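Subject: Structure handover

Hello,

Here is the structure I promised to pass on. My notes on it come after.

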Amino acid sequence: MGVHVRPARPADYAAVARLTVAAYRADGQLAAENGGYADVLADVATRAQAGELLVADDGDGRVLGAVTYCRPGSAYSELASEGEGEFRMLAVDPAAQGRGAGEALVRACLARAEVDGSTAVVICYRDFAERARRLYTRLGFVRDPARDWCPVPDVRLLALRIALPARPTDVP
């Protein structure tokens, strides 16, 4: 079965919360205890209100992964400047990794940014998240070290950017 990307529905929120926390924990991005950033990741309803929550499913409704697409200036936007899209909290259920859900979600965000008229998309990832870096690099993202940052001590986020194809201007 293929991977299908669609807007999340409230019925998906519990699965998105579970898989996001599980994926971040499996990747070493969360401490074993609950609370803190795990609570932010699990608050899917707030994320869905602040951005565009997309899910990848297996065609039978099983949610494999999720991502939050953010417009500049929105509550979850951290890096985007005017004219840039951004996505955050990309996660794929550890049991479903390797099936193309992550790539499908990234491509959906790029397509969404193009529809918005964005000229680029920016993201950040943990400095040790090698699988994420490989995916983003393969899709054409390049490092943007001027935007690297640390939201809290000992958490270093590296920035990436991809330019989107120029839209033809309308000629009368």
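Predicted model: local features only at pLDDT ≥ 70, side-chain atom pairs only at ≥ 80, totals over all residues.

Residues are numbered from 1 along each chain as its sequence is written, and side-chain values use heavy atoms, with hydrogens and water left out.

Confidence. The protein chain has an average pLDDT (the predictor's confidence in each residue, from 0 to 100) of 91, and 94% of the residues score at least 70. Among its elements (DSSP runs numbered from the N terminus; helices H or I of at least four residues, strands E of at least two), the lowest mean pLDDT is 88, for strand E7 (residues 149–152), and the highest is 98, for strand E6 (residues 142–143).

Cores. A nonpolar core here is a set of buried Ala, Val, Leu, Ile, Met, Phe, Trp, Tyr and Cys residues joined through side-chain atoms within 4.5 Å; buried means under 20% relative accessible area (1.4 Å probe, protein chains only). The largest one has 28 residues, and Phe87, Leu90, Val106, Val121, Tyr136 and Phe141 have the most contacts inside it. Helix H4 (101–115) is among the elements that each supply at least two residues, and H4 gives the largest share, seven residues. A second, separate core of 20 residues includes Ala8, Val21, Met89 and Ala91.

Strand E5. Six of the seven residues of E5 are buried, so this strand is largely enclosed by the rest of the structure. E4 and E5 run parallel and are joined by three bridges (strands pair if DSSP finds at least two bridges between them), with Glu86 bridged to Val122 in E5. E5 and E8 run antiparallel, joined by seven bridges; Ala120 stands opposite Ala163 in E8.

Loop residue. Ala80 lies in the loop between E3 and E4 and is buried, at 17% relative accessible area. Beyond its neighbours within four places in sequence, Ala80 is in contact (heavy atoms within 4.5 Å) with Pro72, Gly85, Glu86, Val122 and Arg147.

Cysteines. A search of the whole structure finds zero disulfides (pairs of cysteine sulfur atoms within 2.5 Å). For Cys70, the nearest cysteine sulfur is that of Cys109, 8.4 Å away. For Cys150, the nearest is that of Cys124, at 11 Å.

Regards

Methods:
Buried < 20%, exposed > 50% of the residue type's maximum accessible area, 1.4 Å probe, protein only.
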